[in-house]
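Biologist: I would like to learn how to read a structure of this kind. Please take me through it feature by feature.

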Amino acid sequence: MQPATAKWYDTRDFVCIEFCVADSKDLKVNFGKKKCGFSCVRGTDNVKHENEIDLFDEIDENESKHKRTDRSVLCYLRKAQPGKAWPRLTEDKVKLTWLGTDFNNWKDWEDDSDEEMGKFDQLSDMMNSMGGGDDLPDLDGDDDSADSDDENLPGLED
């Protein structure tokens, strides 16, 4: 028996875990207040997988769900405190070799508040109101006017 490879990501209301087991059978998923249990048999070679996770924070085990696909088992753990970010999946700060972060689905939802967007808009307006676009010097060298240090230089002698 070995743990199944898994990846996870955090959303405002859920923590999502994907157990990457193709053609799983004899599937068992258990949710507790601060636990998630997973076991199955991989269909291609009959290897038994089992994972037991002590979660970072509490979940609503009655509202948490799972879904089996041909390639994996997706678990949606409803947070007991929606809107609270989970910096990690597990209670302990340990690196589990079978667990990774699902960066394809990860989103920094904490930073997506209207207040933050309002601050960005204010900064953008401030930068635009500073003006100065018309009186900036031309730095690309296409200016036809002569500089004060442009004087006729004598030719080089052979």
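This is a predicted model: local features need pLDDT of at least 70, side-chain atom pairs count only at pLDDT 80 or more; totals for chains, interfaces and linings use all residues.

Biologist: Which secondary structure elements does the chain have, and in what pattern?

Modeller: Begin with the elements and then their order. The chain has one helix and eight strands, and along the sequence they run β-β-β-β-β-β-β-β-α.

Biologist: How much of the chain is buried, and what does its surface consist of?

Modeller: Of the 158 residues, 25% count as buried. The accessible surface is about 11400 Å², with 46% of that belonging to carbon and sulfur atoms. As for contacts with a separation of 6 or more, 58% are made by residues 24 or more positions apart.

Biologist: How many salt bridges are there in the whole structure?

Modeller: A search of the whole structure gives eight salt bridges. One of them joins K34 and E91, whose closest N and O atoms are 3.4 Å apart. This pair links distant parts of the chain, 57 residues apart: K34 is in the loop between strand 3 (24–31) and strand 4 (35–42), and E91 is in the loop between strand 7 (73–78) and strand 8 (99–101).

Biologist: Why does K34 count as partly exposed?

Modeller: Compare the relative accessibility with the cut-offs, under 20% for buried and over 50% for exposed. K34 counts as partly exposed because its relative accessibility is 29%. E91, at 39%, is also partly exposed.

Biologist: Where in the chain are D54 and K35, the partners of another salt bridge?

Modeller: D54 is in strand 5 (residues 48–54) and K35 is in strand 4, so the pair links distant parts of the chain, 19 residues apart. The N to O distance is 2.4 Å. D54 is partly exposed at 34%, and K35 is partly exposed at 39%.

Biologist: And what is the N to O distance between D70 and R68?

Modeller: That salt bridge has a distance of 3.9 Å. D70 counts as exposed because its relative accessibility is 54%, whereas R68 is partly exposed at 39%.

Biologist: Which residues touch the most other members of the largest nonpolar core?

Modeller: The general idea comes before the case. In soluble globular proteins, nonpolar side chains tend to be buried together. Here the largest nonpolar core has 22 residues, and I17, F19, L77 and L89 touch the most other members. Strand 1 (6–10), strand 2 (14–19), strand 3, strand 4 and strand 7 each supply at least two residues of this core. Leaving out residues up to four places away in sequence, L89 touches W8, V15, I17, I53, D54, L55, F56 and L99.

Biologist: Is E18 buried or exposed?

Modeller: The cut-off for buried is under 20%. E18, in strand 2, counts as buried because its relative accessibility is 19%. Its side chain makes a polar contact of 2.8 Å with that of S72. Beyond four places away in sequence, E18 touches T5, A6, K7, S72, V73, L74 and D102.

Biologist: Which residues is K34 in contact with, leaving aside neighbours within four places in sequence?

Modeller: On that basis, K34 is in contact with I53, D54, L55, F56, D57, E58 and E91. The C-alpha atoms of K34 and I59 are 6.3 Å apart in space, while the two residues are 25 residues apart in sequence.

Conventions. Residues are numbered from 1 along each chain as its sequence is written. Side-chain values use heavy atoms; hydrogens and water are left out. A salt bridge is a side-chain nitrogen of Lys or Arg within 4 Å of a carboxyl oxygen of Asp or Glu. Helices (H or I, at least four residues) and strands (E, at least two) are DSSP runs, numbered from the N terminus. Buried means under 20% relative accessible area, exposed over 50%, partly exposed in between (1.4 Å probe, protein chains only). A nonpolar core is a set of buried Ala, Val, Leu, Ile, Met, Phe, Trp, Tyr and Cys residues joined through side-chain atoms within 4.5 Å. Contact means heavy atoms within 4.5 Å. A polar contact is a pair of N or O atoms within 3.5 Å; within protein, one must be able to donate a hydrogen and the other to accept it, and residues adjacent in sequence count only if both atoms are side-chain atoms. Accessible areas come from the Shrake-Rupley method with a 1.4 Å probe; for residues, only the protein chains shown count as cover.
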